[in-house]
Amino acid sequence: TNEVDSNSTPGNNDATEDDQSEVIVTPVQLADLSVAKTVNVAAPRVGDNVTFTIAVSNAGPSNATGVVLRDILPTGYEFVSAVPTSGLYNVTTGVWTLSRAIEANASENIKITAKVLKNGIYVNNAEVIASNQLDPDSTPNDGTGDDFSTVTTTPTPLVNLAVVKRINNATPDVGSTVVFTIDVVNNGPSDATTVVVNDILPNGYAFVSDDAAGAYNATSGVWTVGNLTTGANRTLNITATVNATGNYLNRATATSTETDGNLVDNTSEVSSTPRAIADLSLVKTAVNPAPNVGENAVFNIVVTNNGPSDATNVVVTDRLPSGYSFVSATSLAGTYDSNSGG
């Protein structure tokens, strides 16, 4: 200006003079955080481990500092381990506190491994609960927005049925009775439903009775056990007669509606080695009870096996006394030695 300013001198950059004015702008830092949560197995078996991966990404434009996430395991899981790329995870509170800033267009993650329990809630949530920067499209700790992520598993029930079969006498006599005892237990971890044990007697035995109160079908060999909670067990006793011949290996196998994680112990078998029993009887008759001296006397000898087993190596001894002189012998089976009488 051509006029003289009595209070200021133009162009001298003196901030104390009134011909200058300034304003300071303090930009608001923005960090757009988002959370993505995944699980490695969506339909795990009860008792197996699953791994949740929680990734928190920063779309910027500023670096994100003071970031804290919460992922507390629901009741359907049991904590095993946690491996974060930054910071520490508190299993009690479910809080993951990052120890470094998440740079713009970068991410951090944590892997949480947990055991799947047979009961509980399987919906698992992860959310940013704190950050030093403003998130333009989400509010921390409100259960919404892209800084919140959830994943659900649908566990498959898993059981472990075990069968133990015993026999009260491993060397029974043919024709006697034996008792088979079948124990079935559910070792879990899930409850077992519609449990069935198949135990059909082989042809070496003949069914006599059982104590299953109608739950055992001797014709099909099916024992309808029903439901077995974890740790529960049932017992069946089957009484049978030992036949003279046949198969003596008796096997029992348990199944249920649920997947069985260990099929090795679902089957149990037991065998017996029966002792042969033969009941021999002998009848001897004379064709002529009063023969004349010098005449031939004929004796009939009949030996019978009343069982129940076949008789082998049968020997009948009939040595003629001194009042007779041997003439001949006729046999339907075997031979006769007049000298030994056998």
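1. The side chains of Arg-166 and Asp-183 meet in a salt bridge, with N and O 2.5 Å apart; a salt bridge here is a side-chain nitrogen of Lys or Arg within 4 Å of a carboxyl oxygen of Asp or Glu. This pair links distant parts of the chain, since Arg-166 belongs to strand 11 (residues 161–167) and Asp-183 to strand 12 (residues 177–186), 17 residues apart. Strands are DSSP runs (E, at least two residues), numbered from the N terminus. Arg-166 is partly exposed, with a relative accessible area of 40%; buried means under 20% relative accessible area, exposed over 50%, and partly exposed in between (1.4 Å probe, protein chains only).

2. The model is predicted, so local features need pLDDT of at least 70 and side-chain atom pairs count only at pLDDT 80 or more, while totals for chains, interfaces and linings use all residues. Residues are numbered from 1 along each chain as its sequence is written, and side-chain values use heavy atoms, with hydrogens and water left out.

3. Strands 11 and 12 also pair directly, in the antiparallel sense and over seven bridges; two strands pair if DSSP finds at least two bridges between them. Within this pairing, Ile-167 stands opposite Phe-180 of strand 12. Both strands belong to an open sheet of four strands, in the order 11-12-17-14 and with antiparallel pairing. Its edge strands are strand 11 and strand 14 (205–210), each of which pairs on one side only. From one strand to the next the twist averages 25°, where axes are lines fitted to C-alpha atoms and angles run from 0 to 180 degrees between N-to-C directions.

4. A second open sheet has five strands in the order 5-6-3-8-9, again with antiparallel pairing. Strand 5 (88–90) and strand 9 (148–152) stand at the edges with a single partner strand each, so one side of each has no neighbour in the sheet. Here the twist averages 20° from one strand to the next. Inside the sheet, three bridges join strand 3 (residues 68–70) to strand 6 (residues 95–97), and Arg-70 has Val-95 as its bridge partner in strand 6.

5. How many salt bridges does a search of the whole structure find? The search finds nine. Side chains of opposite charge can pair when their charged atoms come close. One of the salt bridges joins Lys-37 to Asp-71, with the closest N and O atoms 2.7 Å apart. Lys-37 lies in strand 1 (residues 31–39) and Asp-71 in the loop between strand 3 and strand 4 (77–84), so the pair ties together parts that are 34 residues apart in sequence. Lys-37 and Asp-71 are both buried.

6. A further salt bridge connects Arg-251 and Glu-269, whose closest N and O atoms are 2.8 Å apart. Arg-251 lies in strand 18 and Glu-269 in strand 20, 18 residues apart. Are these residues buried or partly exposed? Arg-251 is partly exposed at 41% relative accessible area, and Glu-269 counts as partly exposed at 42%.

7. The covered face of strand 18 holds Asn-250, Ala-252 and Ala-254, while Leu-249, Arg-251, Thr-253 and Thr-255 make up the uncovered one. Strand 18 runs antiparallel to strand 20 (residues 267–271), with five bridges between them, and Asn-250 stands opposite Val-270 there. Strand 18 is also joined to strand 13 (residues 192–198), by three bridges and in antiparallel fashion; in this pairing Val-197 faces Ala-254.

8. Strand 7 (residues 106–116) pairs with strand 2 (residues 49–61) over 10 bridges, in the antiparallel sense. Val-56 stands opposite Glu-108 in strand 7. Strand 4 runs antiparallel to strand 7 as well, joined to it by seven bridges, and Phe-79 stands opposite Ala-114.

9. Which residues form a nonpolar patch on the surface? They are Leu-280, Leu-282, Ile-301, Val-303 and Val-314, with about 390 Å² of accessible area together. Patches are made of residues with over 30% relative accessible area and no salt bridge, like charges being joined within 9 Å and nonpolar side chains (Val, Leu, Ile, Met, Phe, Trp, Tyr) within 5 Å. Accessible areas come from the Shrake-Rupley method with a 1.4 Å probe, and for residues only the protein chains shown count as cover. Strand 21 (278–286) and strand 22 (299–308) each supply at least two residues of the patch. Val-303 is found in strand 22 and counts as partly exposed at 40% relative accessibility.
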